[in-house]
Amino acid sequence: MSTEDNPFDGVAAGLGAVDEQLRDTFGWYTVAKKEFRDAIRSRGLWLLSLIFVVFFILPVAGALYLGLNLNITAGDQQLGMQVLISSLYLNMVTFLLPVVAIFVGYAAITKERTSGSLKLLLSLPHSRKDVILGKVLGRCLVVGVPLLFAYGVAALFFVASSVTFQPELYGLFALFTFGFAIVFVSITVSISGAFSTSMRSGIASFFAYFYLTFGWNSLANGVGQIMANQLGIGGSIRWHAVLILKLLNPSQAYKTLTNSMLGEGANAARSARFSMFSQQPPAMESICTQVLNGAPQVQQGLFGETVVCGGQGSLPIYYSDAAVFVAMLVWVGIAAAISYYTFNLADL
Amino acid sequence: MGVKSGRMAAIELDGVTKRFGRVTALESVDLTVDEGEIFGFLGPNGAGKSTSINILLDFVRSTEGTATVLGYDAHEESTAIRERTGVLPEGYDVYDRLTGYEHLEFAIESKDADDDPDELLDRVGLSHEEGARKAGGYSKGMAQRLVLAMALVGEPELLVLDEPTTGLDPNGARLLRDIVREENERGATVFFSSHILSQVEAVCDTVGILNDGELIAKDSVDGLRDAATGDTRLVVTIGDEADGETAREAVTELRSVDSASIDEDRLTIDCNDGAKMTVLNAIEDAGVTVADFEAQETSLEDLFAAYTETEEVAPEQ
């Protein structure tokens, strides 16, 4: 039989070559592949896919079949997707995805450590760095594949629904979400490398999650207050510090990125950063001008004065979406550093 | 570094001490295993055998001293060591959801080798059907065979086998010994740790005995036998039971005899090695006929017990 008769032979050979190339290039590749092969057989993963699909489909399916009231008037169909993402998906993802990441990653190393399969793994010529990297990447795939699947299925529903499907917006949202998932998987896997039992690793991971999700904002604002009241550092330096601290939190970074993506026009990123603050109008005005290089406008709203930050000036580059996205991924590096000083230097 | 010149040490521990908190697991251990030998690492459970092996593989780091394997530093160059070493670790677990074949493929890819998984399965006595099953369902013995097969991947220069007979039935243990010999003939150095003496005695050239974190003896199997007590037990059957007491008195007088006892026509004599003929001659000189005699060498089992239980017997280092 010639290869023309069986095109799959060619495909298989091609895949084999890619596989070998990856193996030769990256030390972590073999570990990541084994991780994924192992994890893909677990019922937990399939449950995970199911959870993702259900959560991603429910809102759009509701819009499609149940006539869920989204306050979308006929003319606003264009905005339907933005409304769905900002009102439902964004909060759901920031709350749910880290929990899923913890579930997938908390025992990544502790389980192998307590069962003894880590000895099997480290008897083979893998460095501990490759083991951590392989674990992180393998587990990222474990979260990423069901996530991608859920995004895909939800996209089909969007196309079928009355809400206009905007592939660019949707793709960007998927990318940010994937980045966010990678960050949390890295954090949990490296925590797993630092503890001797899965129980302890799980507790530590949840502690980190609660702190990052619910405690970080008060930390950032608290630091700002201490700077102003105790150290006498007020004005723009204070707000710069608070904003940088806020952006260092992966959940906050993810949210503000998504908000900026949903916004319209040149001012989207600025308004997204601006909306991370909730201070009195005078403070808000100085944040807008001194930190975000914008022009504040005071509007009379239903609940008193609100400040909107607009303007023609360009947003400082270190607060741009690209910078925030990179800063979010810095957590992967922080996680790697934790791993180096815990797993890499520890006795098994 | 790692460049071979002539016959070199496959493993070299130099003053290795390991403390876990306040517990000392290893105390200043010096050990050299020559390239190409089958080295038996013997000691009761908890003596520090696994800690030593863990240091060789960089699973744990020594508190003091240096460990060198195949010319590479055990800590700094661990990956290079494990590229050239096949390991059957102790207290491991297999990946429940991966099949036997997938385990082997993982080892082959990790070592960048090109072994045939089927051949490896054959060598360790696992069928292809068993190889296609998930390892989670394996018995202890099957898992042990699978991990042994993984250790053989890539024709390693060194095989480190930590308590390799655990979970193996007598057939499995025999198969293991055959494999150890085959690998050694191919040129591999074998480091074989066990608390079971007969396993080590049957296959090893050199034996090191570890007790309480200290290496208390290292020699060839024969050398250790001599060193332990230097005794041979002779059982002489005499022609006439009535001469028993005469014969006993005759041999007791000899300087090379430690003790002698008579039970009906059987005279049991503990004497120095090589004193066999002197003893037999003394009996005949006393006018007693020797009907039969049998020399029993001290079993290594006694020796092992002597080394690890009685401090006084340990030879000076």
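## Chain B at a glance

Chain B has twelve helices and 14 strands; helices (H or I, at least four residues) and strands (E, at least two) are DSSP runs, numbered from the N terminus. Of the 317 residues in chain B, 44% are buried. Here a residue is buried if 20 or more other C-beta atoms lie within 10 Å of its own, exposed if 12 or fewer, and partly exposed in between, with C-beta atoms placed from the backbone. Take the contacts in chain B between residues at least 6 apart in sequence: 70% of them join residues at least 24 apart. Two residues are in contact if their C-beta atoms, placed from the backbone, lie within 7 Å.

A word on the ground rules: this is a predicted model, where local features need pLDDT of at least 70, side-chain atom pairs count only at pLDDT 80 or more, and totals for chains, interfaces and linings use all residues. Residues are numbered from 1 along each chain as its sequence is written, while chains are lettered from A and ligands numbered from 1 in the order in which they are written.

## Strands in chain B

Start with an open sheet of four strands in chain B, in the order E2-E1-E4-E5, with antiparallel pairing. Two strands pair if DSSP finds at least two bridges between them. Strand E2 (23-34) and strand E5 (72-73) of chain B are the edge strands, each pairing on one side only. Further in, strand E1 (residues 9-20) and strand E4 (residues 64-69) of chain B are antiparallel partners over five bridges, and B:Thr17 sits opposite B:Glu64 in E4(B).

Now look at strand E3 (residues 38-42) of chain B, which is mostly covered, with five of its five residues buried. B:Ile38, B:Gly40 and B:Leu42 point one way, B:Phe39 and B:Phe41 the other way, and all are buried. In a regular strand the side chains alternate between the two faces of the sheet. E3(B) runs parallel to strand E8 (residues 189-194) of chain B, joined by five bridges; the bridge partner of B:Leu42 in E8(B) is B:Ser194. E3(B) also pairs in the parallel sense with strand E9 (residues 206-211) of chain B, over four bridges, and B:Phe39 stands opposite B:Thr206 in E9(B).

## The nonpolar cores

A nonpolar core is a set of buried Ala, Val, Leu, Ile, Met, Phe, Trp, Tyr and Cys residues joined through C-beta atoms within 7 Å. The largest one has 151 residues, and A:Ala181, A:Val185, B:Val147, B:Phe191 and B:Phe192 touch the most other members. Helix H7 (residues 128-160) of chain A gives the most to this core, with 13 residues.

Leaving aside its neighbours within four places in sequence, B:Phe191 is in contact with residues including B:Ile11, B:Val33, B:Phe39 and B:Phe41. There's also a second, separate core of 15 residues, with B:Ala247, B:Val279, B:Ile283 and B:Val288 among them.

The contact takes 15 residues from domain 1 and eleven residues from domain 2 of chain A. On the domain 1 side, H4, helix H8 (167-194) and helix H9 (198-229) of chain A each give two or more residues, and H8(A) gives the most, with seven residues.

Helix H4 (residues 80-105) of chain A has a kink of about 40°, centred on A:Tyr89. The bend at a residue is the angle between axes fitted to the seven residues ending there and the seven starting there. Buried residues in H4(A) include A:Met81, A:Leu84, A:Val93 and A:Pro98.

## Where the chains meet

In all, 20 residues of chain A are in contact with 23 residues of chain B. Helix H2 (29-39) and helix H6 (117-123) of chain A each supply at least two residues of the chain A side, with the largest share, five residues, coming from H6(A).

A:Asn293 isn't a glycine, yet has a positive phi of about 55°. A:Asn293 sits in the loop between helix H13 (281-291) and strand E1 (295-301) of chain A. With 16 other C-beta atoms within 10 Å, A:Asn293 is partly exposed.

B:Asp58, also not a glycine, has a positive phi of about 65°. B:Asp58 lies in the loop between helix H1 (49-56) and E4 of chain B, and counts as buried because B:Asp58 has 24 C-beta neighbours inside 10 Å.
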